[in-house]
Amino acid sequence: MKKMILVILYILLTITGLVLMKLGGNTGSILIENMSFSFTMNFISLIGFISYILSFLLFTNIVVKFDLSYIMPITSGLIQVLTLLSGFFIFNEVISTKGIIGASLVICGIIVMNIKVKKENDKIQSDAVKQN
């Protein structure tokens, strides 16, 4: 349960970061001059940037706790679908037919991956019971 909360928090921080950076409309500016470094960004973009960095740090923890071949497709797929929906609802972006089909396929893939994992876990548990 704790691992799933980390995944949900990771996805929310990622989406929040992306949305806020777009809302801020500012990629920031970097200035290196006379041995000094400055970085400027508006407040909304900065909060988005911080959210995105926090999501990355959280993901490094998640990768250790899950099989990479399982968690990466699921999280990236959910982030793609949620980003598509965020664009539609927050920024009034148009979702094409291809976008709807693609998002539907991603969701189907996530469902299939989870059914597969559940069956594999059941098999492992039944094999363990047989051995005892």
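These are my notebook entries on what I looked up in the predicted model.

**Ground rules.** I am working with a predicted model, in which local features need pLDDT of at least 70 and side-chain atom pairs count only at pLDDT 80 or more, whereas totals for chains, interfaces and linings use all residues. Residues are numbered from 1 along each chain as its sequence is written, and side-chain values use heavy atoms, with hydrogens and water left out.

**Helix α1.** Helix α1, residues 2–24, has 23 residues and reaches 32 Å from its first C-alpha to its last, close to the 33 Å expected at 1.5 Å a residue; the expected span is 1.5 Å times one less than the number of residues. I then listed its buried residues (buried is under 20% relative accessible area, exposed over 50%, partly exposed in between, with a 1.4 Å probe and protein chains only), and found among them L6, V7, Y10, I11 and L13. The buried residues of α1 pack against α2 (43–65) and α3, where contact means heavy atoms within 4.5 Å. G25 follows α1 and has a positive phi, near 60°.

**Strands β1 and β2.** I looked up how β1 (residues 29–33) and β2 (residues 36–40) are arranged, and they pair in the antiparallel sense over five bridges, pairing being called when DSSP finds at least two bridges between two strands. I30 has F39 as its bridge partner in β2, and L31 has S38. Two residues lie between the strands of this hairpin, and N34 takes a positive phi near 50°.

**Helix α3.** The 24 residues of α3 (residues 68–91) should span 34 Å at 1.5 Å a residue, and its end C-alpha atoms are 32 Å apart, which agrees. Buried residues of α3 include Y70, I71, I74, T75 and G77. Just after α3, N92 takes a positive phi of about 55°.

**T75.** Where does T75 sit, and what is around it? T75 belongs to helix α3 and is buried, with a relative accessible area of 0%. Leaving aside neighbours within four places in sequence, T75 is in contact with V7, Y10, I11 and F59. T75 and I11 are 64 residues apart in sequence, yet 6.9 Å apart in space, C-alpha to C-alpha. The side chain of T75 also reaches the backbone oxygen of M72 at 3.3 Å.

**Rings.** I noted three aromatic pairs in the structure, a pair being Phe, Tyr or Trp rings (the six-membered ring for Trp) with centres within 6.5 Å, stacked if the planes are under 30 degrees apart, edge-to-face if over 60 and tilted otherwise. The F66 and Y70 rings have centres 6.5 Å apart and planes at 25°, so this pair is stacked. F66 and Y70 are both buried.

Terms used
Helices (H or I, at least four residues) and strands (E, at least two) are DSSP runs, numbered from the N terminus. A polar contact is a pair of N or O atoms within 3.5 Å; within protein, one must be able to donate a hydrogen and the other to accept it, and residues adjacent in sequence count only if both atoms are side-chain atoms.
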